[in-house]
Amino acid sequence: MSDWGPVVIAVVLFVLLSPGLLFQLPARNRVVEFGNLQTSGLSILVHTIIFFGLITIFLIAIGVHIYTG
């Protein structure tokens, strides 16, 4: 049996936390901008920290598992 939980959680978080796609934190002129499709180095760093924090919570603390077959 294969555990697809880490793969699914990582892909969903990667798409949702891509800087500039849905939101950008911190933005160029404001704290948060939505759907501007632009990014900065600081924004990439902040979104990376949020990504690793959430993936740690979902995979280690909660223990999400999706088994196939």
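Helices (H or I, at least four residues) and strands (E, at least two) are DSSP runs, numbered from the N terminus. This is a predicted model: local features need pLDDT of at least 70, side-chain atom pairs count only at pLDDT 80 or more, and totals for chains, interfaces and linings use all residues. Residues are numbered from 1 along each chain as its sequence is written, and side-chain values use heavy atoms, with hydrogens and water left out.

**Confidence**

- pLDDT is the predictor's confidence in each residue, from 0 to 100.
- The protein chain has an average pLDDT of 91, and 100% of its residues score at least 70.
- In the protein chain, strand β4 (residues 67-68) has the lowest confidence, with a mean of 88. Helix α2 has the highest, at 94.
- Where pLDDT is low, predicted coordinates should not be read in detail.

**How α1 and α2 pack**

- The axes of helix α1 (residues 5-16) and α2 come within 10 Å of each other and cross at roughly 150°. Axes here are lines fitted to C-alpha atoms, for helices over the stretch in contact, and angles run from 0 to 180 degrees between N-to-C directions.
- The two helices, α1 and α2, are therefore roughly antiparallel. Angles under 35 degrees count as roughly parallel, over 145 as roughly antiparallel, 65 to 115 as roughly perpendicular and the rest as oblique.
- The crossing of α1 and α2 is right-handed. A crossing is left-handed if the near helix is turned anticlockwise from the far one by less than a right angle, and right-handed if clockwise.
- On the α1 side, G5, P6, I9, A10, L13 and F14 take part. They meet F51, L54, I55, F58 and L59 of α2. Contact means heavy atoms within 4.5 Å.
- The residues of this contact of α1 with α2 divide into 10 nonpolar, 1 polar and no charged. Ala, Val, Leu, Ile, Met, Phe, Trp, Tyr, Cys and Pro count as nonpolar, Asp, Glu, Lys and Arg as charged, and the others, Gly among them, as polar.

**Residues along α2**

- S43 sits in helix α2 (residues 41-62). S43 counts as buried because its relative accessibility is 0%. Buried means under 20% relative accessible area, exposed over 50%, partly exposed in between (1.4 Å probe, protein chains only).
- Leaving out residues up to four places away in sequence, S43 touches P19, Q24, L25 and P26.
- H47 also belongs to helix α2. At 2% relative accessibility, H47 is buried.
- With the residues up to four places away in sequence set aside, H47 touches L17, S18, P19, F23, Q24 and L25.
- H47 and I66 lie 19 residues apart in sequence, and 25 Å apart in space, C-alpha to C-alpha.
- I60 is another residue of helix α2. At 68% relative accessibility, I60 is exposed.
- I60 and P6 are 54 residues apart in sequence but 9.9 Å apart in space, C-alpha to C-alpha.

**Loops and backbone**

- Most residues other than glycine have a negative phi, and most peptide bonds are trans.
- The peptide bond from L25 to P26 is cis, with omega near -10°. P26 lies in the loop between β2 (23-24) and β3 (33-34).
- L37 is not a glycine, yet its phi is positive, at about 55°. L37 lies in the loop between β3 and α2, and counts as exposed at 65% relative accessibility.
- G63 is in the loop between α2 and β4. At 25% relative accessibility, G63 is partly exposed.
- G63 and L16 are 47 residues apart in sequence and 20 Å apart in space, C-alpha to C-alpha.
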